[in-house]
Each structure stands twice: as structure tokens, then as C-alpha cells.
Amino acid sequence: MKSTVESLEPTRVKVTVEADYDELKPDMDKAYREIAQQVSIPGFRKGHVPPRIIDQRFGRGVVIEQVVNEVLPGLYSRAVMDNELRPVSQPDVDVVEVPAAEGEPGGLLKFTAEVDVVPAFDVPEFEGLEVEVSPVEVDDEAVQAELDELRGRFATLKNLERAAEDGDYLTLDLEAKVGDEVIDTLSEVSYELGSGNMLEGQDEALRGQEAGAEVTFTSTVRGGEYAGQDATIEVKVISVKERELPEADDDFAQMVSEFDTAEELLADLREQVARRGVSQQALEARDKLLAQLLEQTEILLPESAIEHELSHRVDENTSDEDKQSIREAVENDLRQSIFLETLAEKSDVQVGQQELFEFMMQTAQTFGMDPGQLFQDQRQIQNMMVELARTKALVAVLRGATVKDTNGELVDISEFTADPAEAEAPSFEEQIEEVTEEVAEEAKED
């Protein structure tokens, strides 16, 4: 097979592919065998009809058509790889010539494919890269918020005789009706007043109510058979309670941690807040580094690729202002994706099986997916591998960059950019996840 590429526009090319008959011969033989299995011709057993008889009865053109349909996608893919093209749309294919349908077998298959592509671009140099991030500020307010969150995990609920206010916890019985039909019931469900995470209009109806009160309000059904219809919600308030936080004293410190005093616990919380601050600096550095690299890189995007993405994000009700904003977001997303893919290719990033497994398990847990289904989907596995390779490539660049805060102080994020291949260290995302959730995990274990 040979292929040539002609540039039609800065972002569109015409690929011409030729494959001679000798290259197509194995596919022709396969097509004859398949057709022989499908036809019945007197005097010949099924599956043993000679090619010349098939040509006489049905014409060699039928065989050639089947071969062309089967081999053309593979030949096109080979041409794309051989010429290092980056298509962003389906090709417009035109078959120019096919092998001889009559007479002596021979000839060639020739076709052209016009397709939108991202032109090749140069990745900027990585020497001397410097990124500026926000400084870590561990103030008393942040430490107190951390302490209050910890106290909240061990809070108790106290019955109240007063009217309900935002932040109170209500125990409710609910019944929902559309017309005269009961569509749902809930018994003794706990609800934090003011959270707004249950039914539209529920907070307004329950504010100021006391235990034993019965109220009715109307809310729109969000999903299911009655989605979009108004439902009548009848609610009975079983109890009204407020949350009481335990005192942050030495006894509390001993109950929730390995420390003996509240002072030691506070010191540890302060250290954890600081560590999380550094993890946020690492994330900020990664994002700003990518933005900096993109500013130094010219990536031409085919209009067809932009329009394809826009078709999924806008409709006739979208305002012109929103359309422009969405378009800018689409262009930025496409540039990021294309740049990171190229960066991973040029960096020759390798993704290990264990590394991929851990990344997929983490992704499944984050998005509430079934890991079993995820591992059975080859397309998902390939997408995960590409995503992980992109992330590793960017982190490798970040590893060599200088990171400073806005005060001019050097920031050490090496624990988040360690190369897993060298030290069997957790990946970048796993490191961030570990630091971010460390307090919660320790509390669960205790």
C-alpha cells in the first residue's frame, strides 16, 4: 500500500491510497470462501464452490465490492498513521478505481479521503519554566473550621420544643400525590432544614413548624413517570432537633485521635490544613503550567470539530452571549486535549497495568461507577489509558518547573510529582486524594 497527502486547507487534507491486487489477494480469497458458504449451486457442496463458478454466477464485482468494504477502513487508518495525521472528523471517501471485475484478475484499489485534521505543531521547550501559585495561609479560622467539621462527626441531636429553624434536623413522614394517585411515601426520613436537597418548596413549608405539625405544599416531580407534573406533598413533622457539638477538650481529643490533649489535636489539624494547602498549590501549579504552555503553542482547530462540540452544548434557546462563552470553552477544551495528547506522544509516556488498574478503580469510586462494567468496556479502558498518559506527561513537565508563591517563596510540591516508575509512588491524583481525605479516613478508623 502507498499513500500520499495533499493539503487542501490549513486544517483539511486529501489522502490518496493505492493497494495493488497482490496485497488484496488474501482478502479476495477470504471473500470467495465466505460467499461459497452462503450460496447453493447444484453439483457443488456448500463451502466448496470454486471462485470461477462464483464469478460466472454472480460476477466478480460482488466479491470486489465485499473486499473493498472490508479493507478500506483499515487501509485508511494505516494511511493516517503512516502520515502522522490527526483527524477530527469522519472522512469523505471516494473510490476512484477497483480491481478488474472481468478478465484476468488484477488491477488495484485506489480511493481518496478528504478529512479535517489538526495540523502538526511544535511543543514549546520546557527549560526554565516557572509557575506562580497562591501562598498557603493557615489561619485560626481555617483550623477552627477543621475542628468544627471533626466535632460535627460526633455531634448528637437534641429534641426541641420550639419552631424549626434552618440548620435544625427534622424527622418527617411524607406522601406525594399527583391528582388522587399516591406516587411515593417516605417514613421517618431525616432532613436538615435549609439544605434544599430534597423537594422544591419544602424548606419554605417547614420553617416555623413544630413537632406534630402537618403541612401541605406543591412541588414539581423531577423524574420518573410523572416528571414535570405538579405533586401535592403532605408532610407530618415527627420531631424537631438541633445538633449539639461535643466540647473540644482533652476527652474529645482522646476519643477521636491518638492525642492526649486538645492542644496536640489542634496542632495536628493545623499541620493537616497546611498540607492540604500545599496539595492545592500542586493542583494550581499544574493548571497554570498547562495554561502557560498553551499560550506558547499555536494549535489550529478545524471549524467542523468546534461545530460538532457546540451542537451538543447549545440549542435554539441559547443566547448569543452564552454561545460565544460556550464556544470559547469548547476551543479551550479541544486545545488542551490535543496538546496533552501530543505531549504524551512526544514524551513517550508509559502506563503500567497496575497503575492503570488503580486509576480506573479510583475513577469508578469517584463517579459511583461499577468497576466490573468499567473493566469490561475496552473503549473505556483505552480512554482511561490515554487520560492517564496525558496526566503523567504534564506532571513530568511540572516536575522540572520552578514553583513559587506570590510572595516569591519557593514551593516544594515534589511529593505530588514523584515519578511512580522510579519509586513506586502513588500517582498524582492518588497523592492529592490521600492528602485531601486523610482526616476523614482517620476519623472513620477511630
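So, to start: where is the place of Gln280? Gln280 sits in helix 7. Keep in mind that we're looking at a predicted model here. How does Gln280 count in terms of accessibility? Gln280 counts as partly exposed, because its relative accessibility is 45%, and exposed takes over 50%.

Okay, on to charges. There's a negative surface patch made by Glu247, Asp249, Asp250, Asp251, Asp260, Glu263 and Glu264. Glu247 has its place in a loop, the one between strand 10 (230–244) and helix 6. And Glu247 counts as exposed, because its relative accessible area is 59%, and the cut-off is over 50%.

Last bit: the annotations. The UniProt record, an unreviewed entry, puts "domain: Trigger factor ribosome-binding bacterial" on residues 1–150. In the model, that span is 40% helix and 24% strand, and its end C-alpha atoms are 67 Å apart. UniProt also lists "domain: Trigger factor C-terminal" for residues 261–395, again from an unreviewed entry. For residues 261–395 we get 81% helix and 0% strand, with 40 Å between the end C-alpha atoms.

That's what I had, so over to you folks.

Key:
Residues numbered from 1 in each chain as written. Predicted model: local features only at pLDDT ≥ 70, side-chain atom pairs only at ≥ 80, totals over all residues. Heavy atoms only, no water. Patch = residues over 30% accessible without salt bridge, like charges linked within 9 Å, V, L, I, M, F, W, Y side chains within 5 Å. Areas by Shrake-Rupley, 256 points an atom, 1.4 Å probe, with all protein chains shown as cover. Salt bridge = Lys/Arg side-chain N within 4 Å of Asp/Glu carboxyl O. Lys, Arg positive; Asp, Glu negative; His and termini not counted. Charge placed at Lys NZ, Arg CZ, Asp CG, Glu CD. Helix = DSSP H or I, 4+ residues; strand = E, 2+ residues; numbered from the N terminus. Buried < 20%, exposed > 50% of the residue type's maximum accessible area, 1.4 Å probe, protein only. UniProt positions renumbered as here; feature names shortened; annotations may be inferred.
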